[in-house]
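This report describes a helix pair and a set of aromatic contacts. Please keep the sequence and the structure in view while reading.

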Amino acid sequence: MDLKCALEECSMALNLFLNNKFSEALELLRPWSKDSMYHALGYSTILVMQAAMTFEHQDIQMGISTMKEALHTCQRFRKRSTVVESLSSLVSKQSMDQLSEEEMHAEICYAECLLQKAALTFVQDENMINFIKGGLKIRTSYQIYKECHQVLQMTQGNKNKNETYHQFEGGVKLGIGAFNLMLSLLPGRILRLLEFIGFSGNRKLGLHQLREGASGSSLRAILCTFTLLVYHTYVSLILGIGEANLQEAETLLEPYLQKFPNGSIILFYDARIDILKGNFEKAQSKFQECIAAQQEWKQIHHLCYWELMWCYSFQQNWLQAYRYADLLCKESRWSKAIYVFQKAAILCMLPDEDVKAAGEDIVSLFRQVDGLRQRIAGKSIPTEKLAVRKARRYNGAQPVKLILPALEMMYVWNGFAIVGKRADLTESLLITIEKEETALQNQTSRTEYFIDDLCLLQLLKGLCLKHLGRLLQAELCFNQVIQSEKQIKYDNYLVPFTLYELGLLYKQQDQREKAIRYIETAKNNYKEYSMESRLHFRIHAALDSLKVTPASTP
């Protein structure tokens with residue numbers, strides 16, 4: 001199996017995969033997966049994707065062991081170097097000229113496998129040793145990509161560029177692009193914590209490399225496209241300031257929609273873009289299409305259920321939202337704690353008779369949450385931690401009701417930035433919040449959570465007002481939270497998050513200095529609160545958009 005044939009077969013497998021023929025793609029790659037680096041890479045990549053989607057222990061184990069085999073296969077094609085040579089760099093001029101075409105591809109495939117194996121290592125096990133091992137793998141992978149990038153630059157002038165050279169080029173663009181983009185998202189303190197010597201992320205370079213890769217015709221073009229799509233439709237929302245480049249996302253997806261009109265992964269992104277535009281009704285029917293498109297990978301259905309649950313939540317159609325939260329609880333392994341909390345939170349929004357009709361008991365659901373949390377790389381998942389902490393209010397003999405927990409979770413996933421595109425729905429949410437606020441103020445006996453609950457409502461109310469263009473009222477709501485700081489007992493995340501939101505509000509009004517001051521206060525003056533790292537990601541993105549170069553804090 002020579003390089004050219006291997007690349008052709010992998011291209012066929014990729015087409016099968018994008019047409020929902022997942023097992024056929026695996027069958028095509030399996031026979032050669034021990035003897036061809038591209039078959040090995042393709043075969044193990046599909047299994048890793050499956051593991052990342054199902055979170056089933058045996059899938060993760062399977063993903064890790066096929067990745068090990070793939071690394072072994074790639075290693076056989078890499079240039080054998082003496083100890084002295086390997087201590088000097090791969091890219092000394094002479095050694096680079098001596099690399100055969102096959103050896104160049106082996107480097108890039110090896111780096112790609114290493115990266116995926118590291119990602120799975122993080123998920124698989126919680127001990128710190130694995131975390132460090134994973135970190136070292138990522139570092140090696142990054143070094144290889146940097147060196148291959150130098151090879152590209154050195155060979156750019158060569159006249160004899162053939163198809164396989166372009167495939168190599170695609171691989172480098174994917175690696176350099178993805179690394180730079182992901183590293184550019186990391187707040188400085190996390191980068192310092194990881195101490196990845198020589199690691200620096202340049203977002204502009206990353207996006208540029210991925211765009212070039214996506215517009216090429218290499219095998220990796222689709223992977224560059226998917227990386228950009230994940231960035232535009234998820235990362236920039238959950239870890240950014242909620243400004244997604246939907247125009248680019250649509251342009252990237254268009255050719256694939258033409259080529260794979262029933263491809264479930266393609267349909268999924270198409271529907272997700274509609275959500276981000278505020279076209280919830282259109283998105284709902286597209287997600288149904290995506291679910292109907294294939295039955296083999298149920299985990300794609302689960303992604304759709306999650307999105308549908310939010311779609312219906314934005315519309316305050318709580319009964320339908322409950323249906324999908326319930327399906328997730330029953331079918332998906334991803335995060336039982338979040339699903340059960342989410343289901344109970346949605347039930348809180350329904351009238352008692354609907355809850356009874358569904359045969360559910362809200363208190364017992366909240367009490368299950370603590371026992372369901374999991375750990376990744378030795379750490380609890382921040383959103384699970386928040387869910388567990390909030391659910392504790394139901395643990396005592398006298399449970400204390402949570403206030404609009406479904407809307408609080410909507411904020412956690414930055415849902416207000418999405419629903420804010422629709423004034424009608426934002427207005428309805430505002431009415432719900434104000435109704436709750438009146439009820440809370442009129443309570444005869446106040447619980448110890450009274451101020452916390454009031455502040456949560458002010459934050460949510462401020463967000464609605466901001467999206468409705470009532471900026472002065474929004475500012476008053478945010479300030480009320482900040483002024484209540486000393487009285488907040490449990491939800492200590494409210495103040496830093498509100499400072500950040502107030503900063504964004506000033507940014508919107510072009511009051512740059514004020515915006516920076518509030519966002520920097522949120523960054524520097526608060527520690528040890530729920531979802532702290534998520535806020536630091538958002539702060540990093542906000543300061544980046546205000547063109548603030550991060551001061552090197554000790």
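## The packing of α17 and α18

In this predicted model, helix α17, residues 318-331, packs with helix α18, residues 336-347, at an angle of about 160°. The axes of these helices are 9 Å apart. Because an angle over 145 degrees counts as roughly antiparallel, α17 and α18 are described as roughly antiparallel to each other. The crossing in which α17 passes α18 is left-handed.

On the α17 side, the contact is made by W318, A321, Y322, A325, D326, L328, C329 and K330. On the α18 side, K336, Y339, V340, K343, I346 and L347 take part. These contact residues comprise ten nonpolar and four charged ones, with no polar residue.

## Aromatic pairs

The structure holds 22 aromatic pairs. One of them joins F268 and Y269, whose ring centres are 5.9 Å apart; the planes stand at 75°, so the pair is edge-to-face. Both F268 and Y269 are buried.

Y449 and Y490 form a tilted pair, with 4.9 Å from centre to centre and 35° between the planes. Y449 lies in the loop between α24 and α25, and Y490 in the loop between α26 and α27, so this pair ties together parts that are 41 residues apart in sequence. Y449 counts as buried, at 13% relative accessibility, whereas Y490 is partly exposed, with a relative accessible area of 34%.

## An aromatic cluster

Ring pairs also link F280, W306, W310, F314, Y339 and W413 into a cluster. Of these residues, Y339 also belongs to the α18 side of the contact with α17.

How values were computed:
Residues are numbered from 1 along each chain as its sequence is written. This is a predicted model: local features need pLDDT of at least 70, side-chain atom pairs count only at pLDDT 80 or more; totals for chains, interfaces and linings use all residues. Side-chain values use heavy atoms; hydrogens and water are left out. Axes are lines fitted to C-alpha atoms, for helices over the stretch in contact, and angles run from 0 to 180 degrees between N-to-C directions. Helices (H or I, at least four residues) and strands (E, at least two) are DSSP runs, numbered from the N terminus. Angles under 35 degrees count as roughly parallel, over 145 as roughly antiparallel, 65 to 115 as roughly perpendicular and the rest as oblique. A crossing is left-handed if the near helix is turned anticlockwise from the far one by less than a right angle, and right-handed if clockwise. Contact means heavy atoms within 4.5 Å. Ala, Val, Leu, Ile, Met, Phe, Trp, Tyr, Cys and Pro count as nonpolar, Asp, Glu, Lys and Arg as charged, and the others, Gly among them, as polar. Rings of Phe, Tyr and Trp (its six-membered ring) pair if their centres lie within 6.5 Å; planes under 30 degrees apart count as stacked, over 60 as edge-to-face and the rest as tilted. Buried means under 20% relative accessible area, exposed over 50%, partly exposed in between (1.4 Å probe, protein chains only).
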